[in-house]
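User: I am new to this structure and would like a short tour. Could we go through it step by step?

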Amino acid sequence: MSNWNPSKQELLQQTVEHIDIKRHNVVPLVEAMKSMAYSARDLARAADIYDRMLRDHDCGIIVCLAGSLMSAGLKQIIIDMIHSRMCDCIVSTGANIVDQDFFEALGFRHYIADEQLKSGMYDGMLREHGIDRIYDTLIDEDELRICDETVKQIADRLPPRPYSSRELIQEMGRHLDDGAAKADSIVQAAYQNGVPIFCPAFSDCSAGLGIVAHYHERRGQAKTSFDSAKDFYELTQIKLNNPVTGLFMLGGGVPKNFAQDIVVAADILMAQDDGKHKYPEMHKYAIQVTVADVRDGALSSSTLKEASSWGKVDTTYEQMVFSEATLAVPLIAGYAYHRRGWEQRKFHRFADLYAEESEAVGASSRAGG
């Protein structure tokens, strides 16, 4: 091992830049891939399915985000999808939404790691500098602590009670829209366009750290907390109110299962109300981009055809794309964007399903709780 020991400032120099699909018309390239084989043809079919989703005006599109995507340069794609009516709801890991997107909205950045750092040999040195590594990207831990503290401050001013992740993320969007934003963000774009964001494992991110601090400070007092059952119930309302749905899943894990399970949850709620099963429509469209291996029985890699056996996904318009997201997603989303099927869509504004409660929370938040 060399004696290489650069300063923190030297390590955090080159920022990760988010790719802009509006600037790159990939339609001819993806069209050509339709006549190829293997993953190229799978990707081209996935792009065509996404375009079909956008042209089906009854379809509510749920985008699932897992893995470290925003730190890798995919943030602007999701922002453009929201503003272009290509996304009606997001289900995500907390890291993508809070530690990465909201983090950048506060004015902070992710940085490109020197090639040597990918070996892992210098992680001790990074720790001494207060730098966190995600493969070949770097984050300033001191800035992440500011993100944690900002979430705590938002929780502090809310009326103390259990909240769904959607409610808390909406308050984060309100915070940004009220003047705190220093950069474009998914959270703010979703707030502006009525796109609800759910993080079913919300404690597992910077938001969880902020709430832990809020909890500790308010020992023996009423507190703001997470309500995971409310998350599930609220997301299921989308399926009950908009029977035709499509999934665009980046990665797998909890967001994938959570979004797929709303079909089963809707069936349970309908049966509870009417005394018999009515079997709501399965997700009509589904795309998943993943590098997970199907052979180990894991959820992240389970095929969409397998999901049909659970009554979750129809098999007419489904496609697995076994590719890393930073390669596949710009092509799939870019193809659909430049095909411009979204121009005839209206905003579904699923956030309005919860508008009365959200406005009450917002009024209390603006008044300082």
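**Backbone and sheet**

Analyst: Y135 is exposed, with a relative accessible area of 54% (exposed is over 50%, buried under 20% and partly exposed in between, with a 1.4 Å probe and protein chains only). This is a predicted model, in which local features need pLDDT of at least 70, side-chain atom pairs count only at pLDDT 80 or more, and totals for chains, interfaces and linings use all residues. Residues are numbered from 1 along each chain as its sequence is written, and side-chain values use heavy atoms, with hydrogens and water left out.

User: Where is Y135 found?

Analyst: Y135 lies in the loop between β4 (131-134) and β5 (137-140). Strands (E, at least two residues) and helices (H or I, at least four) are DSSP runs, numbered from the N terminus.

User: What is the phi of Y135?

Analyst: Y135 has a positive phi of about 50°, although it is not a glycine. Most residues other than glycine have a negative phi.

User: And Y38, is that buried or exposed?

Analyst: Y38 is exposed, with a relative accessible area of 74%. Y38 belongs to helix α3 (residues 38-55), and its phi is positive, about 55°, although Y38 is not a glycine.

User: Changing topic, in what order do the strands of the open sheet come?

Analyst: The order is β7-β2-β1-β9-β10-β11, 6 strands with parallel pairing; two strands pair if DSSP finds at least two bridges between them. The edge strands, β7 (197-198) and β11 (313-322), each pair on one side only.

User: How many bridges join β1 to β9?

Analyst: 6 bridges join β1 (residues 60-65) to β9 (residues 245-250). I61 stands opposite G246 in β9.
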